[in-house]
Amino acid sequence: MDKLNSTLTAVKNLRSNVKQCFEHLADGTDGEGGEESRNKFVHDFQERFGAINSQLREVEQLINGLQVPPTAYSLGNTAYLAQETSQDRQALYPQLVNSYKWIDKVHDHSFLAFNNLNQNTLRRSYNYCSQKRQRLPFSSFNNDPDHIDKLLSEINTAPHTSYRIFRPFGTNAVAIVTISNVMKAAIVFKGVLIEWVTVKGFDEPLEHDDLWAESRYEVFRKVQEHAHSAMLHFFSPTLPDLAVKSYVTWLNSHIKLFLEPCKRCGKFVANGLPPTWRDLRTLEPFHEECRNC
Amino acid sequence: MASVSSARESLSHALNNRFLPNLEYLLQGSILDSAVEHLMHRLKGLCDNVDTSPETFHDLEVCMSLRQPNSNQPLLLRVRRALGRDAPFQMRYLGNPEVDQRRPTLVRSCMDCACTNGILEFLTEMGFRLEFEYIAKGYMFRKGRMKITVSKLIKIVPGKQQDMANEPISQSYIVELSVVAPTGQENVGEEMRVFAEQLKPLVQLEKIDYKRLGGMP
Amino acid sequence: MGVTVLQPYPLPEGKSGAHIIDQLGKRLLALGATHSGQFLVDCETFISTPQPHNGAPGRAVHVLHNSEYPASTFSIIDNGTGKQVSLVADNIFDLLMLKMTNTFTSKKQTKIESRGARFEYGDFVIKLGSVTMMEHFKGILIEIEYKSCVILAYCWEMIREVLQGFLGIGVAKEFPSYFATQTIMTAMGQQQLHAKHNDIYEPMDTVKQYLEQFTNYRKHVALHGGMVSGGGQGGPTVGQPGVHIPPSSMVGMGRP
């Protein structure tokens, strides 16, 4: 490749020299000048001509030094440009239109996402503000996928609870947890750090393309609020694995969401809701109003 | 306090105000297996839903009949079930074709009704008996409100459940152009005639006179 | 969609249905519930004609609508021997039934409906329905739905608490009779105990509960004439049409 490059450069130099030489010839002498200027002109021309000759030799030498490539260069899709093709046979046009549409969409969406994400100042995983300082690498969100798979399979033990794990974008995992016939939760990981939790009813759809919509039921919207505060409570940058394990244990205690009365007031329903709060240590159920009194 | 109207009231409201689609306009034709590719190309060029590949379907149609007292014609209901995907069963009632010769298409009353999968057992309990069944497999195209299906009819060999055991009825595809519209929309037929014209000479879509064929459709 | 329990509300002596419903509504609003529109559940029964000659019970098709599912028609066929098959279909099913008038005729005089106000309280939906048959008041049905739960066994205690809270009457701790454990035949022909309260709830279950209650009201009419709902809205004429229904025409309705 290097040889080819230097040859191409030499050819380029030769062409520019030839061009300069012809320009010089075309300019000619000013016509008025005597013998002296004419001599100078001829001398200049001879000099340039000599340079052309030496460069020509150089090019020839370089070309002789080139090896015939063992295989044809792979030019990727550009090779098709040389072929005469009918549009139908290649079916390129619909693909082209599609990819154009996609790129356009991706551009729009990423622009909106970027603006939105920038407004959120409560991020834990990325900290743009501290860019000036050299920040310590956060080990909790750049773990390898194997480690997370292992961690999730370790917690995959509670009966009545099923886990479905998938990775919609790259290495970060999303776990859909179905707790008995009571509720579903989507846990969005970044490494082993829990980024977001969505809680929905058992009969509501919770798929990878719809992780962010809120539940249509008041009780699960409330549980989601509590799940978020618990997520912050269990957050521990030093022991990320333990944080995930205790969080999932806490989440599993919702299996008796409708079955257990509040520990404080002994009633099932308060303000139209069952006891939605689970104590972070004892996992006992409380109504939201009862938990602080 | 506004009171809710009963389902029966809203249904008759839809009928009276002519926004309940209950008439089927139909043209039919057939094409040999060897020429179907050309027809598909033509349809891809003409129709709306061809961004990707044409939409396929694979349905089992079961026709059930109920003998009615005081009437020599049994009541026929067709139940369709998609074999390849999870979808509600579709029940369809088709009336007798109108006799009007001036219309460019066949016109008959038509009611489509999505049901849960208990429908066949339900009809059996009502006294319906199996009349015939077949599998239709093919492609569906859409142009405005017109529906074009190119499908292969497959006979069900009794006793054999496998797909392989069933054999096509003929060496050709049936082509159907249909619109289901509310009563009183006269221009539908004309719209369909123009479209059928564009498929000539590949396929000749015609108004089939079932009475001349004798027997049942 | 969630678990729904249907409870008849006993009418105290000397009180009119409208008065009771008014009172219950006020109590609900005081409890913190909000009023959210009206509801209607209606039922029409079609009977196969001609009746079988050999004395076998005829087939009955019950067609019900529930305003909570406005695009659907629910139907349950009772083949006379106790076997029931249920179906959920588009509204068009009503028109198809009309195509079969030769074989299945509607018993107009037993058309029955429950209609009234709908309240929401958290994820609970409470409906106070007054039941009327042929424009005559028959009784009060209270429907309570807990939308966010799909299994009765999980949330029965919650529903019971809410019911007791505003009904003011004790509700038994046992599951309602519709959800009671029953013996069913498996596909293999074996008898098996089936705990319905552990099943995932479906809209059809609501409709079946209504049919159960409606059938009871109709039976009362057939058996006791106008005795049941004395003091109802209709005054002295209540239940009169019931007397005129010849008992023979009730064959094939509901179960023996």
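**Chain A, order of elements.** I read chain A along its sequence and noted the pattern α-α-α-α-α-α-β-β-β-β-α-α-β-β. That is 8 helices and 6 strands. I keep in mind that this is a predicted model.

**Chain A, burial and contacts.** I looked up how much of chain A is buried. Buried residues make up 19% of its 293 residues. I then took the contacts between residues at least 6 apart in sequence. In chain A, 51% of these join residues at least 24 apart.

**Chain A, α1 and α2.** I turned to helix α1 (residues 2-27) and helix α2 (residues 35-65) of chain A. They pack at an angle of about 160 degrees, and their axes are 9 Å apart. Angles over 145 degrees count as roughly antiparallel, so α1(A) is roughly antiparallel to α2(A). I noted the hand as well: α1(A) passes α2(A) in a left-handed crossing. By class, the contact of α1(A) with α2(A) has 14 nonpolar, 8 polar and 4 charged residues.

**Chain A, α7 and α8.** Next I took helix α7 (residues 218-234) and helix α8 (residues 240-252) of chain A. Their axes lie 9 Å apart, at an angle of about 150 degrees. That makes α7(A) roughly antiparallel to α8(A). The crossing of α7(A) and α8(A) is right-handed. I listed the residues that meet. From α7(A) come A:A227, A:A230, A:M231 and A:F234. From α8(A) come A:A243, A:S246, A:Y247, A:W250 and A:L251. I sorted this contact by class and found 8 nonpolar, 1 polar and no charged residues.

**A:S246.** I stopped at A:S246, which sits in helix α8 of chain A.

**A:L283.** I looked at phi values next. Most residues other than glycine have a negative phi. A:L283 is not a glycine, yet its phi is positive, about 65 degrees. I placed A:L283 in the loop between β5 (277-278) and β6 (285-286) of chain A. With 13 other C-beta atoms within 10 Å, A:L283 is partly exposed.

**C:E135.** I noted a positive phi in chain C too. For C:E135, a residue other than glycine, phi is near 70 degrees. C:E135 is in the loop between β8 (124-133) and β9 (136-146) of chain C. I counted 11 C-beta neighbours inside 10 Å for C:E135, so this residue counts as exposed. The cut-off for exposed is 12 or fewer.

**Chain B, order of elements.** I moved on to chain B, which has 5 helices and 9 strands. From the N terminus on, I read α-β-α-β-β-β-β-α-β-β-β-β-α-α.

Of its 217 residues, 21% count as buried. Among contacts in chain B between residues at least 6 apart in sequence, 63% join residues at least 24 apart.

**B:K200 and B:P201.** I checked this peptide bond. It is cis, with omega about 0 degrees. Most peptide bonds are trans. I found B:P201 in the loop between α4 (187-198) and α5 (210-213) of chain B.

**Interface of B with C.** I looked up how chain B meets chain C. Here 27 residues of chain B are in contact with 29 residues of chain C. On the chain B side, the elements that give two or more residues are α1 (7-16), β5 (106-115) and α3 (119-126). I sorted the chain B side by class: 15 nonpolar, 8 polar and 4 charged.

**Interface of C with A.** My last entry is the contact of chain C with chain A. It takes 18 residues from chain C and 18 residues from chain A. Which element gives the largest share of the chain C side? I found helix α3 (residues 152-167) of chain C, with 6 residues. By class, the chain C side has 11 nonpolar, 3 polar and 4 charged residues.

Conventions
Residues are numbered from 1 along each chain as its sequence is written. Chains are lettered from A and ligands numbered from 1 in the order in which they are written. This is a predicted model: local features need pLDDT of at least 70, side-chain atom pairs count only at pLDDT 80 or more; totals for chains, interfaces and linings use all residues. Helices (H or I, at least four residues) and strands (E, at least two) are DSSP runs, numbered from the N terminus. A residue is buried if 20 or more other C-beta atoms lie within 10 Å of its own, exposed if 12 or fewer, and partly exposed in between; C-beta atoms are placed from the backbone. Two residues are in contact if their C-beta atoms, placed from the backbone, lie within 7 Å. Ala, Val, Leu, Ile, Met, Phe, Trp, Tyr, Cys and Pro count as nonpolar, Asp, Glu, Lys and Arg as charged, and the others, Gly among them, as polar. Axes are lines fitted to C-alpha atoms, for helices over the stretch in contact, and angles run from 0 to 180 degrees between N-to-C directions. Angles under 35 degrees count as roughly parallel, over 145 as roughly antiparallel, 65 to 115 as roughly perpendicular and the rest as oblique. A crossing is left-handed if the near helix is turned anticlockwise from the far one by less than a right angle, and right-handed if clockwise.
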